[in-house]
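User: I have a structure here that I have not looked at before. Can you walk me through it?

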Amino acid sequence: MEENYINRSSWDEVECYLNAVASRVDPHDFIGVYGIPRGGSVLAAWLAHKLYLPLLSEPQPSCIIIDDICESGTTLRECLSNPNIADCNDCYVTVMYYRLDSYEKLVDYYFKEKEDNWIVFPWEQ
C-alpha cells in the first residue's frame with residue numbers, strides 16, 4: 001500500500017476526539033459505554049474512564065456506543081439491530097471517522113470525515 005494513501009492517527013488525535021465526545025454528553029444520561037470490537041473497545045475503555053461510567057460488554061438501552069470508524073455502516077447497523085437496544089433512540093452513537101457519503105445518518109457525532117485513505121490507529125501500529 002502506498003504510504004501517501006495512509007493516514008496515521010495519533011494518540012493525541014484520539015484524546016482530542018474523546019475530549020470532544022465527553023464535552024457533548026452528560027454522563028448522568030447514560031448507564032455505560034459500549035465499544036464495537038475491536039477499535040471501538042479501545043475507545044470505549046478510555047471514554048468510560050473519562051466519564052466515570054462502566055464499560056459494557058454488550059450494547060444496552062441508554063448507553064454510549066463508540067467505534068473507531070464507520071465507512072459502509074454495516075458493522076454499526078448490525079450493532080444497532082441488537083435486540084437489547086431495539087429502541088436505540090436513547091443511545092448516543094459516536095465514531096472517530098465517518099464516511100459522509102453514507103446513505104443514512106447512523107451517528108450522533110463524528111470527529112473527522114473518512115475519505116479514500118486507509119486509517120491506521122495508534123493501537124494498530
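What follows is a short exchange about this structure.

Analyst: Note at the start that this is a predicted model.

User: What pLDDT does the chain average?

Analyst: The chain averages a pLDDT of 87, and 91% of the residues score at least 70.

User: Which element has the lowest mean pLDDT, and which the highest?

Analyst: Strand β1, residues 6–8, has the lowest mean at 82. The highest belongs to β2, at 96.

User: Which residues of α2 are buried?

Analyst: Gly39, Gly40, Leu43, Ala44, Leu47, Ala48 and Leu51. They cover an arc of only 145 degrees around the axis, so they sit on the same side of α2.

User: Why would residues spaced like that point the same way?

Analyst: An α-helix has 3.6 residues a turn, so residues three or four places apart point the same way.

User: Backbone next. Which peptide bond is cis?

Analyst: The bond from Pro37 to Arg38 is cis, with omega near 10 degrees. Arg38 is in the loop between β2 (32–35) and α2 (39–51).

User: What about phi at Tyr52 and Ser62?

Analyst: Tyr52 has a positive phi, near 55 degrees, and is not a glycine. Ser62 is not a glycine either, and its phi is positive at about 60 degrees.

User: Why mention that?

Analyst: Because most residues other than glycine have a negative phi, and most peptide bonds are trans.

User: Where do those two residues lie?

Analyst: Tyr52 lies in the loop between α2 and β3 (63–70). Ser62 is placed in the loop between α2 and β3 as well.

User: Is Tyr52 buried or exposed?

Analyst: Tyr52 is exposed, because its relative accessible area is 75% and the cut-off for exposed is over 50%.

User: Pockets, then. How much space lies in the largest pocket?

Analyst: About 460 Å³.

User: What lines the largest pocket?

Analyst: The lining has 21 residues, and Asp67, Asp68, Ile69, Phe121 and Glu124 lie nearest the centre. By class, 10 are nonpolar, five polar and six charged.

User: Which elements supply them?

Analyst: β3, α3 (74–80) and β6 (118–120) each supply at least two residues of the lining. The largest share, four residues, comes from β3.

Definitions and conventions: Residues numbered from 1 in each chain as written. Predicted model: local features only at pLDDT ≥ 70, side-chain atom pairs only at ≥ 80, totals over all residues. Heavy atoms only, no water. Buried < 20%, exposed > 50% of the residue type's maximum accessible area, 1.4 Å probe, protein only. pLDDT = per-residue confidence, 0-100. 1 Å grid on protein atoms, 1.4 Å probe; cavity = no way out; pocket = protein on both sides within 12 Å on 5 of 7 lines; lining within 4 Å. Points joined across faces, edges and corners; volume = space filled by probe spheres on them. Nonpolar A, V, L, I, M, F, W, Y, C, P; charged D, E, K, R; others polar. Arc of directions from axis to C-beta.
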